[in-house]
Each structure stands twice: as C-alpha cells, then as structure tokens.
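Colleague: I would like to go through the aromatic rings of this model with you, one question at a time.

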Amino acid sequence: MPELLLAAKRERSLLRRHPWIFSGAIREVRGEPAPGDPVEVFAATGEWLARATYSPESAIRARVWTFDREERLDDAFCQRRVQNAVALRQRLHGGELPQACRLIHGEGDGLPGVIADRYQDVLVVQFLTWGAERLRVHLAEALRLAVPGCTCIFERSDTDARTREGLEPRVGPVFGTPPENTLEISENGIRFQVDIRQGHKTGFYLDQRENRALLGTRSAGRDVLNCFCYTGGFTLHALANGAARTLSIDSSAEALELAAENVRRNGFAEDRAEFLRADVFHALRSFRDARRDFDLIILDPPKFADTQGQLAKASRGYKDINLLALKLLRPGGELFTFSCSGAMTPDLFQKIVADAALDAHRDVAVLHELRQAPDHVVATAFPEGRYLTGLHLAARH
Ligand code: SAH
C-alpha cells in the first residue's frame with residue numbers, strides 16, 4: 001500500500017485523532033497513490049499512525065478513516081461505521097429514527113466527506129471526498145441495510161467541496177426510484193415539502209430543527225420577520241405557535257413557492273403569511289427608512305465565508321445585517337441570528353453582534369447560545385465539525 005511519511009512533529013494532530021493531513025505536513029509520498037487510494041500514514045519517527053485516503057488536488061491531502069491498524073477499509077468497515085452512526089441517532093431520538101434527520105455527518109461520524117440525510121424512506125447522500133467516492137457503493141449498501149424500510153437512496157454530490165477535491169458533480173439515484181416531485185416530512189409536528197432534486201443541500205436545513213422549535217415558543221401574538229426564509233422553516237414554526245403575522249424574505253423564487261405551499265398544506269390563513277422576493281440587505285434598509293418594526297426577527301443567511309481568508313469580508317456582512325435587524329426591533333423584541341460559515345467561531349460571532357448592538361444603540365441580552373442540531377454530530381477530536389452558531393437575543397428597550 002502507498003505510504004505517507006509526515007514531517008517531524010507533524011504527527012501531533014493525528015495522535016489527538018484529528019483526521020486531516022495537510023499537504024505541508026507530508027515529507028514524502030511513497031508509491032504512487034491514485035486519487036482515493038488508501039495510504040498508510042507514518043510519523044517521521046517511523047511509527048504507524050493511521051490509514052487514510054489520498055486527495056491529490058486538495059490542501060487536505062489525506063483524510064484518516066481509521067487509527068486502528070487492524071481495520072481494513074472494506075465492506076465490513078463501512079457497515080460498522082454506518083450502523084454506529086444510525087444507532088447514535090436512534091438513541092438520540094428515544095429509540096426510533098425520526099422521519100427527517102441527519103444520519104451521517106462526515107468526520108463527526110468517522111466517515112470523512114460522507115453526508116446522509118433521511119427524509120421518510122428516502123435517503124439523500126453526498127460523497128464529497130475522493131475517499132468517500134471510492135467507498136461509495138459500500139457506503140450506500142451499508143445505509144440501505146441500516147435503515148429499515150429505505151426505498152431509495154438519492155445522490156446530491158453537487159457541492160463546492162466536491163469541486164475543490166477535483167471530483168465531478170453527480171446527481172441521481174444510487175438505488176430505487178426517487179419521488180417525481182417533492183416529498184413530505186413532519187418536523188415538530190409541522191408538515192414540510194422537501195425537494196431532494198433541486199433543493200439546497202440535500203433538500204432541507206435539518207440543522208435548525210431545535211432552533212426552530214425554540215423560535216416557536218417565542219412567537220405567540222408576535223409580528224415576525226424571517227430573513228433568508230428558504231422554504232419557510234422558521235415561518236411555519238412561528239405560524240404554528242400563534243404568531244400574529246409573518247413576513248418572510250428570500251431571493252429564491254423556487255424557495256418562496258415551496259414556503260407558500262407549506263403554509264397552505266398546514267392550513268394556516270394566508271393573510272398571516274406574507275412573502276417577499278428580495279435581497280435581505282436591501283429589504284432591511286428599506287424597512288429602516290420606512291420606520292417599520294417587528295417583535296421577532298430571524299437572520300439565517302447562507303454561508304458568507306467558505307474559508308478563513310474570506311472571514312474579514314464575511315464579518316462585515318454579518319455586522320451589517322445584525323445592525324439593521326437590531327434597529328428594526330421593537331422594545332422587548334427578540335432576534336434569532338445565525339452564521340453557518342465554518343470559519344466563524346461562536347466567540348467571533350458574539351463580538352460581531354456586540355459591535356452591531358453598540359452601533360445600533362441597543363441594550364441587548366443573550367438569552368440562548370445556539371448551535372446545529374445534535375444529529376449533526378461533532379466529534380471532540382474534530383471541532384471543525386461545528387459550523388452553525390447562533391444567538392437568541394432580547395433588546396431590552
Ligand atoms: N432558515 C432557512 C434556511 C436558510 S438558507 C430554513 O430554516 O430552512 C439561506 C437562504 O438565503 C436561501 O434560501 C437563499 O436562497 C437565501 N439567500 C441567499 N442570499 C440572499 C440574499 N442576499 N437575500 C435574500 N435571500 C438570500
């Protein structure tokens with residue numbers, strides 16, 4: 001098997017079970033590994049460290065799949081890891097798999113670059129690294145076996161991460177026949193249509209489940225502004241919990257159409273749910289100029305920073321919308337604000353929001369610190385797996 005020899009002292013992160021090997025940490029590549037080939041990783045001292053797969057085009061040149069020398073990257077390996085991941089979700093949700101949940105969260109589940117979401121009996125998967133691509137058939141089979149009643153596995157390997165690896169996008173069924181149109185899931189007792197073919201990510205933002213439930217508890221009688229609403233996740237939770245009115249903004253016509261459909265299917269009066277196709281940055285400014293205000297505002301923007309290098313510019317974007325939103329809050333109003341940029345730490349995000357509060361001349365209390373749903377598992381050895389951070393804030397006057 002080809003081998004990677006690390007530079008002196010570069011084994012430290014691996015000894016702490018971090019699964020990434022950057023190109024700069026490698027002193028020598030022995031043999032000629034093809035993309036996705038398993039490689040044995042050795043410290044400069046000659047000590048065996050791990051078994052990884054090779055990604056020649058990525059700055060993360062290899063990703064570790066096992067720190068156990070006895071473990072081969074074969075069918076049985078895939079079944080063990082996938083079963084462990086599924087079993088964790090079962091325990092997390094009281095013994096039964098919910099009909100909409102994340103089953104595999106990449107490195108968090110010891111499966112670098114593998115994502116699997118469950119929407120009823122359909123699983124939507126992403127294989128985002130060369131190693132994941134190599135094990136694709138085994139992983140799909142392992143998922144089929146691990147999820148009773150699974151009728152279809154649909155692949156949505158069409159993300160930027162995959163392009164960065166030098167892999168072509170792939171979209172289509174791996175097994176079974178996917179639904180023609182949308183499929184329906186229930187989240188916190190609310191019905192949602194999910195478009196697994198065209199929707200963002202695998203079709204739905206499962207990572208906000210608990211935060212949407214919390215938003216629901218704050219919604220009764222309130223006038224709600226949901227910015228970056230996508231298919232209405234937060235909007236529907238506000239309506240289901242007695243919000244007086246909701247105004248939901250997104251730039252995507254398709255997302256808004258599905259959001260409106262979700263309002264209809266849940267039987268909520270359409271006059272309580274207004275939708276606006278607009279750029280949130282512009283819309284917030286126009287509300288400020290028109291002196292329009294709200295009791296409850298949600299800011300759940302797309303990723304502003306993909307990399308550390310984009311963080312400064314991204315920070316200005318976050319500050320801008322948070323400043324505007326805080327100005328639009330009525331006294332006693334609340335803001336749910338998020339960042340899903342992996343490079344943004346909870347600390348930095350809190351500082352940005354603090355700056356925004358200062359500039360908005362608002363006295364703001366942090367009621368809850370928020371994060372991604374727990375089925376988007378973060379391993380202690382891989383804190384990078386946490387990408388969603390958020391704050392539930394109250395403007396005191
Ligand atoms: N809160 C949503 C997920 C939001 S995803 C949920 O719970 O499901 C981010 C959304 O922002 C996407 O739907 C995207 O279409 C939209 N978007 C991106 N840039 C935007 C902009 N400048 N103005 C308005 N919407 C934007």
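Colleague: Which residues do ring pairs link into a cluster?

Modeller: This is a predicted model, and the answer should be read with that in mind. Rings count as a pair if their centres lie within 6.5 Å, and links of this kind join four residues into a cluster, namely Phe281, Phe304, Tyr318 and Phe349.

Colleague: Is the pair of Tyr318 and Phe349 stacked or edge-to-face?

Modeller: The centres of Tyr318 and Phe349 are 5.8 Å apart, with 90° between the planes. Since planes over 60 degrees apart fall in that class, the pair of Tyr318 and Phe349 is edge-to-face.

Colleague: Which helices does this pair link, and why does Tyr318 count as buried?

Modeller: The pair links distant parts of the chain, 31 residues apart, with Tyr318 in helix H10 (residues 311-328) and Phe349 in helix H11 (residues 346-360). Phe349 counts as buried because its relative accessibility is 1%, and Tyr318 counts as buried because its relative accessibility is 0%.

Colleague: Which residue lies over the face of Phe287?

Modeller: Arg212 lies over the face of Phe234, at 6.0 Å from the ring centre. Over the face of Phe287, at 5.2 Å from the ring centre, lies Arg292.

Notes. Residues numbered from 1 in each chain as written. Predicted model: local features only at pLDDT ≥ 70, side-chain atom pairs only at ≥ 80, totals over all residues. Heavy atoms only, no water. Phe/Tyr/Trp six-rings, centres within 6.5 Å; stacked < 30°, edge-to-face > 60°. Helix = DSSP H or I, 4+ residues; strand = E, 2+ residues; numbered from the N terminus. Buried < 20%, exposed > 50% of the residue type's maximum accessible area, 1.4 Å probe, protein only. Lys NZ or Arg CZ within 6 Å of the ring centre and 35° of its normal.
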